[in-house]
Amino acid sequence: MEFRFFHHFGSYLLMLKGMFSRPENMKMYWKEFMRQCVDIGIGSLGIVFIISLFMGAVTTVQIAYQLVSPIIPKATIAQVVRDTIILEFAPTLTCIVLAGVVGSKIASELGNMRVSEQIDAQEIMGINTRGYLIMPKILASLIMIPCLICIAGFLGIWGGLKAGEMGGILSADQFWQGLRQEWKPYNIFFALFKSFVFAFIIASVPSYYGYNVQGGALEIGKASTRAVVVTCVLILFMDYILAAILLQN
Amino acid sequence: MIELVNIKKAFGEKVILPDVSAVMETGKVNLIIGSSGSGKTVMMKCMVGLMEIDGGKILYDGQDFTNMPEQERKNVRRQIGMLFQGSALFDSMTVEQNVMFPLDMFSKSSVKEKKARVMECLERVQLKDAAKKFPAEISGGMKKRVGIARAIVLNPKYLFCDEPNSGLDPQTSLLIDKLIKEITHEFNMTTVINTHDMNTVMESGDHIVYMYQGRKQWEGSNKDIIFSKDEKLNDFIFASDFLRDAKEMRQMEMFQEKDWRNKLKKD
């Protein structure tokens, strides 16, 4: 078991190292990068929109349910919603969902290319397939996923505001007042740092599993599932590590 | 010319190619034939560098491909065109874009010149009308022809075809063979075909290497096959009664032809 882990980890590092070589044609790499930006960024907007709105709304309702003491001002609800969404829900929950959406897409796309010999065809043409197929995916993720997380943060807080207003929990003024209380800009840095780490995991781990598929259609499915599971576990593990290192008072 | 000098390949304990030497000649259709598991696909993958060999050398026109630095290897690879068993076309691209891809990646020509070259290649494989279609919209035979067009678009010196006739009807199969043969002779390429197809062997085999259990069992041309005494080769090529009868008839024809020639010479 341990040896298998080291084997995969070593192969993963070699795959990352293999991405770095002089591009055969910069224009084609740029085109592929832009295509990935559209696929990963624009393609995931819908789901990010939906989950972040509901995430904010549910957080507001649940915090209001728990903070029933008359001595706690209502604006505190908004403050807790803001920090929960920025510190945890927007980066982590969104990335877990993106691991499923983007991760499985990357793994199955590369797996299908491997099985149908499209990767071999490019290798024979003299193309560095790691550089041409994997690097643009990782770079596109590193740019688009933090943007998606920023959008998720804003929408989550807006969803919370609307849920608070519509449910009669707190007024918009109280919510805005809460949002301004005890504001720490460091939280934004923490959320963005997390999103870069998660973005790298979301693109590189499924790429590894997809690129190394052997067999047929069944193996593509298995690789896809394994890629999503490993990505989710790594995201949660790194979430804890980063919180433990970066959130010390 | 491609030379294989004592190449060895094993997967763990299992030895696939114990020690194979062969020469693939320029301007000829070189066939690697053999039953399933005889090591011909592994041999072809080693030749194009998709698999690393454990020992020996592969020489492309005298250059040692095996021990080349990566960049030089890439340069040799750019002179290789390959037709895959499943065609390996890029699903998300049209036929035209598939053929254009190697040009986009490696050619500095203008878009107009590239398009003209693509159309020239598609015309060569009689697929000009299918340029805007996607691989999912065309038949297996058409896919193979697109694969050929993509393989020759950069004017390669070496053409590799992995089972070009698999899954095709006899008529389309003959068309593909004819196309590969014509292209090879027209552009003086070194073509290597890995096949099971007896039509290909008898019609296109300028130079044939018969593999048996990872070793080179026999080497010769399609004409030599008819008179070969090698039992294993005969069992493989002329496996059915029908094929054995056809072989005898062909032998008779060739003898008669020889007699006529001798008579004409005497007259």
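Analyst: The following account begins with the core and then turns to chain A and its contact with chain B. The model is predicted.

The largest nonpolar core comprises 127 residues. The residues with the most contacts inside this core are A:Ile202, B:Met82, B:Val99, B:Ala149 and B:Phe160. Helix α3 of chain A, residues 75–115, supplies the largest share of the core, namely 17 residues.

One of the residues named above, B:Ala149, can be followed in detail. Leaving aside residues up to four places away in sequence, B:Ala149 touches B:Val99, B:Cys121, B:Leu122, B:Arg124, B:Val125 and B:Leu127. Its partner B:Val99 is likewise listed among the residues with the most contacts inside the core.

Of the 249 residues in chain A, 41% are buried, that is, have 20 or more other C-beta atoms within 10 Å of their own. Among contacts in chain A with a separation of 6 or more, 88% join residues 24 or more positions apart.

The contact between the chains draws 13 residues from chain A and 15 residues from chain B. On the side of chain A that touches chain B, helix α4 (residues 118–125) gives the largest share, 6 residues. By class, that side of chain A has 5 nonpolar, 4 polar and 4 charged residues.

Note on methods: Residues numbered from 1 in each chain as written. Chains lettered and ligands numbered in written order. Predicted model: local features only at pLDDT ≥ 70, side-chain atom pairs only at ≥ 80, totals over all residues. Core = buried A, V, L, I, M, F, W, Y, C linked by C-beta atoms within 7 Å. Buried ≥ 20, exposed ≤ 12 C-beta atoms within 10 Å, placed from the backbone. Helix = DSSP H or I, 4+ residues; strand = E, 2+ residues; numbered from the N terminus. Contact = placed C-beta atoms within 7 Å. Nonpolar A, V, L, I, M, F, W, Y, C, P; charged D, E, K, R; others polar.
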